[in-house]
Amino acid sequence: MVDQSAVKRLPRPHGAREICQALKTQIEDGVYGPSDKLPSTRTLANEFGASRTTVTAAYEQLLAEGFIETGQGRRARVTPTLRVARSLRQSSKRTLRTARLSAYARQVADLAGPPVVSEPLPIDFRYGDIAAADFPSLAWRRALTKAATTSGSRRLRYQEPQGSIELRTSLQAYLWRARSLRCSREQIIIVNGSQQGLDLCARLLLDTGDRFVIETPCYWAARHVFESVGASPQFVPVDEEGLRTEILESIKKARLCYVTPSHQFPLGHVLSASRRAQLLRWASNAGAYIVEDDYDGEYRYDIRPIRPLHAIDEAAPVIYLGTISKTLSPLLRLGYLVLPPELVDVFRAAKRLTDRHSPTLEQAALAEFIQSGAYERHIRKLRRKNAQRRAALLDAFSENFGSTITVQGSEAGLHVVAWFRKYGSAQEEQLVQKARSAGVGIYPISDLYEHPRAVAAKRRAGFVFGYAALEERDIRQGVARLAGALRTA
């Protein structure tokens, strides 16, 4: 169903012919699809300043041409079987190649994201997804209701770009309890998800031609957001102790280092204590900032909670990035940065220019959710449930593949990496298609390396398996289906 506010994007015609053509254009452009209801004649008459008789005449013309269908007592709707060509206006638009774009836009246009999977699969191991059934709907509804009814403001107005004081205070206490991280609430800035936090870091800390250090393999969206401002990546490999920090000394004039030290993405290694100290020394000597992405720090299973870099040295040049996307929902678009004091003012100013402030009601609800203790109860429940999912995945791997695969990163987080000994990485795409034919979605790790094709013949086939969005029975069935499909590969 199309939002009826779409009518406001129409031109403002007055005659029946003009109204008919405007609606036809909207249908051709896909604003209104097959079976979508159109606005009532009264609504359109009010919007266009025309009489209902004029609008009715326009609808009658659309009905005669087969674009819509009507019935007694029912609103007009687009003919369910209608198939129309896209508007000619679409093809007349200037292509990206001929458009006059900024250097930033050209840089963004050259960055390729992960492959888009349009059709859903029955069992999908896509990493980053979490189960909708795990969302604490009742508790969140209570928090939202309280936030909406206890607001003391008599007017609706723009809020502090840094984030509500209530939420920042709640996060300050939570980070101290859960992550041993001490900071003032003035050091915290609320952002629209961790991606906006990364974007602010890129825009404020990097210039065109600068260098930034990043792990390999790595989180592609972090790499691309830094590259989008014209900076050049300096890839540093990881091993069982995390980022190989001894390589940093050979990298000159790097302005920033992006790391996932508590659970390296995607391989899952923990940055060792000695390398943490070496990384902090390097950043201090190089005058560089460390962006520490603690994307799934709440999920620890076989290991004790890992203290973030920020907790080791409060004076270190570390920007701590946190999110609720893995604990509540990525749809809420709420994350936070813990900044060194000298960066707070400029990040606040940039946040104001970007979007004024993050959604106020959701901030108030999250503050209440944390203060009431519901957030940490929810996390404990999720940790138990995801531990069971992880166990189901590991058992299914062992039962269906035995010693022919090696699993990495299972001690924490919401995904694992499985290496398939019988296949080379050049066969990953073939295996993906085999899995899809069995209704199973799997995702190659090659896309997360700096040069996916160049190393294709040098590694085993590897896949990142996310399990937080699946029930245990689906996990077991999905791995069994995958094993059956790969027997014919």
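Helices (H or I, at least four residues) and strands (E, at least two) are DSSP runs, numbered from the N terminus. This is a predicted model, in which local features need pLDDT of at least 70 and side-chain atom pairs count only at pLDDT 80 or more, while totals for chains, interfaces and linings use all residues. Residues are numbered from 1 along each chain as its sequence is written, and side-chain values use heavy atoms, with hydrogens and water left out.

## Overall make-up

The secondary structure of the protein comes to 16 helices and 16 strands. Of its 489 residues, 50% are buried, where buried means under 20% relative accessible area, exposed means over 50% and partly exposed lies in between (1.4 Å probe, protein chains only). Among contacts (heavy atoms within 4.5 Å) with a separation of 6 or more, residues 24 or more positions apart account for 74%.

Four strands form an open sheet in the order E12-E13-E16-E15, with antiparallel pairing; two strands pair if DSSP finds at least two bridges between them. Strand E12 (405–408) and E15 are the edge strands, each pairing on one side only. E13 and E16 are joined in the antiparallel sense over seven bridges, and Val417 stands opposite Val464 in E16.

A nonpolar core is a set of buried Ala, Val, Leu, Ile, Met, Phe, Trp, Tyr and Cys residues joined through side-chain atoms within 4.5 Å. In soluble globular proteins, nonpolar side chains tend to be buried together. The largest such core here has 32 residues, of which Phe125, Leu393, Phe397, Phe401, Phe420, Ile442 and Phe465 touch the most other members. Two or more residues each are given to this core by H14, E13, helix H15 (428–437), strand E16 (460–466) and helix H16 (472–486), and the largest share, six residues, comes from H14. Leaving aside neighbours within four places in sequence, Phe465 is in contact with residues that include Phe125, Leu393, Phe397, Phe420, Ile442 and Leu482. A second, separate core of 28 residues includes Leu205, Ala222, Val291 and Ile319.

## Aromatic pairs and charges over rings

The structure holds 16 aromatic pairs. Rings of Phe, Tyr and Trp (its six-membered ring) pair if their centres lie within 6.5 Å, and planes under 30 degrees apart count as stacked, over 60 as edge-to-face and the rest as tilted. Two of the pairs are set out below.

| Pair | Centre to centre | Angle between planes | Class |
|---|---|---|---|
| Tyr127 and Tyr443 | 6.3 Å | 90° | edge-to-face |
| Phe401 and Phe420 | 5.3 Å | 85° | edge-to-face |

Tyr443 is buried at a relative accessible area of 12%.

Because Phe401 lies in helix H14 (residues 374–401) and Phe420 in strand E13 (residues 415–424), their pair ties together parts that are 19 residues apart in sequence. Phe401 is buried, with a relative accessible area of 11%, and Phe420 also counts as buried, at 3% relative accessibility. Ring pairs link Phe125, Phe397, Phe401, Phe420, Phe463 and Phe465 into a cluster.

A charge sits over a ring if NZ of Lys or CZ of Arg is within 6 Å of the ring centre and within 35 degrees of the ring normal. The charged end of Arg203 sits over the ring of Tyr104, 4.9 Å from its centre, and that of Arg459 over the ring of Tyr449, 4.4 Å from its centre.

## Helix H8

Helix H8 (residues 193–205) has 13 residues and reaches 19 Å from its first C-alpha to its last, close to the 18 Å expected at 1.5 Å a residue; the expected span is 1.5 Å times one less than the number of residues. Since 10 of the 13 residues of H8 are buried, the helix is largely enclosed by the rest of the structure. Its buried residues include Gly193, Asp199, Cys201 and Leu205.

## Backbone features

Most residues other than glycine have a negative phi, and most peptide bonds are trans. The peptide bond from Thr216 to Pro217 is cis, with omega near 0°, and Pro217 belongs to the loop between strand E5 (211–216) and helix H9 (220–227). The bond from Phe265 to Pro266 is likewise cis, with omega near 10°, and Pro266 is placed in the loop between strand E8 (254–259) and helix H10 (273–286).

Ser35, although not a glycine, has a positive phi of about 80°; this residue is in the loop between helix H1 (16–28) and helix H2 (41–48) and counts as partly exposed at 31% relative accessibility. Lys253 has a positive phi of about 60° and is not a glycine either; Lys253 lies in the loop between strand E7 (242–243) and E8 and counts as exposed at 77% relative accessibility.
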